[in-house]
Amino acid sequence: MIIGINRIMSALESRIFYYGLVLCAIFRLIRWINEFSTGQPELVLWLGVVNMVLLAGMIFLRRYKTVSFIALHFIFLVTTWFTWQSSGGYQGIIPYAFIAMMAFAIFTSHGTLLGITLATYAFHAIYLTQTYENDINYSEPLLVTQINYLACVFVLISLCLYAKNRFSRYREYIQSVNNRLDLSANTLSEQAKQLRVQGEQLQKLLSELETKILAKHLERDEKRAILSKYAYVNAHHVRGPLARILGLIALIEKERLPRDRRRNIEEIKSDALEIDGVVRKISEVLSD
């Protein structure tokens with residue numbers, strides 16, 4: 001089983017992103033309650049409501065991770081723009097939220113998207129601190145700021161703990177996969193050794209079989225040579241004299257012989273013809 005590193009990374013980032021969305025929704029709810037209790041402008045309150053609605057939509061549509069990622073950070077930056085002064089500027093809670101969101105971006109993205117996100121946060125932070133450096137208008141009580149700070153710390157710590165837990169689980173999972181792969185590799189190695197031994201045995205059997213076939217061919221050739229020689233002997237050394245004997249018998253039959261001698265000649269002729277038939281039959285078998 002082969003598992004791609006990019007697939008593992010994407011799955012891990014997706015899980016952390018979903019968990020982070022839930023934490024963002026909780027943090028945004030706490031912020032909205034604080035904003036409502038301190039009498040923030042309606043624009044700020046409506047921004048909080050819109051943020052919570054969009055966060056809920058992202059949680060339910062989390063499979064569209066890239067779109068949700070971009071929308072989340074865009075909403076955060078826009079909200080920061082309108083609430084920077086009322087939240088205490090660089091001395092308030094927003095810089096800590098910046099840190100938490102950048103950590104969130106690092107945990108849930110990589111490559112070009114991560115680089116663009118971090119650069120955007122850096123530019124945004126520098127621009128806001130330079131623009132409102134001498135014009136900070138605190139509108140949140142110290143207690144509210146402390147609560148927001150604690151909520152931000154809670155979000156960051158929870159995110160880090162969850163990410164650490166997920167990293168540990170994925171490391172254990174990858175380790176188990178590696179162990180299975182090692183076991184499979186050892187099994188394949190043993191099978192390869194067995195196949196090599198069986199191949200050597202098969203090669204040995206093939207060599208023995210070739211030797212036996214060659215011996216059979218030599219034996220067959222020897223037998224053919226013997227049969228060919230026998231056929232030659234049968235045709236020339238056996239049938240030749242037999243033919244001469246039959247010829248002599250034919251000449252003797254033309255003479256006038258006593259009855260008993262003629263009977264003897266006929267018996268000899270019959271035996272000679274029988275032998276000639278057997279020789280012919282042997283020749284036919286050898287020729288086939």
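S109 sits in the loop that links α4 (94-108) to α5 (111-131). The model is predicted: local features need pLDDT of at least 70, side-chain atom pairs count only at pLDDT 80 or more, and totals for chains, interfaces and linings use all residues. Residues are numbered from 1 along each chain as its sequence is written, and side-chain values use heavy atoms, with hydrogens and water left out.

**Overall make-up**

- The protein has seven helices and zero strands; helices (H or I, at least four residues) and strands (E, at least two) are DSSP runs, numbered from the N terminus.
- Along the sequence the pattern reads α-α-α-α-α-α-α.
- Of its 288 residues, 27% count as buried, where buried means under 20% relative accessible area, exposed over 50% and partly exposed in between (1.4 Å probe, protein chains only).
- Among contacts (heavy atoms within 4.5 Å) with a separation of 6 or more, 76% join residues 24 or more positions apart.

- S109 is buried, with a relative accessible area of 4%.
- A polar atom of the S109 side chain lies 2.7 Å from the backbone oxygen of A105.
- Leaving aside residues up to four places away in sequence, S109 touches E13, F69 and L114.

**Helix α2**

- Helix α2 covers residues 42-60, 19 residues in number, and spans 27 Å from its first C-alpha to its last.
- That span is close to the expected 27 Å, the expected value being 1.5 Å times one less than the number of residues.
- Which residues of α2 are buried? They are V44, L45, L47, G48, N51, L55, M58 and I59.
- These residues lie on the same side of α2 because they cover an arc of only 155 degrees around the axis, taken from the directions from the helix axis to the C-beta atoms.
- An α-helix has 3.6 residues a turn, so residues three or four places apart point the same way.
- The exposed residues E42, W46, V53 and F60 are carried on the face of α2 turned away from its buried side.

**The cavity**

- The structure holds one cavity of 30 Å³ or more; a cavity is a set of points on a 1 Å grid over the protein atoms alone where a 1.4 Å probe fits but cannot get out, and lining residues have an atom within 4 Å of a point.
- At least two lining residues come from each of α1 (5-37), α2, α3 (65-83), α4 and α6 (142-254).
- α1 gives the largest share of the lining, seven residues.

Conventions: A polar contact is a pair of N or O atoms within 3.5 Å; within protein, one must be able to donate a hydrogen and the other to accept it, and residues adjacent in sequence count only if both atoms are side-chain atoms. On a 1 Å grid over the protein atoms alone, a cavity is a set of points where a 1.4 Å probe fits but cannot get out, and a pocket is an open set with protein on both sides within 12 Å along at least five of seven lines; lining residues have an atom within 4 Å of a point. Grid points are joined across faces, edges and corners, and a volume is the space filled by probe spheres set on the points.
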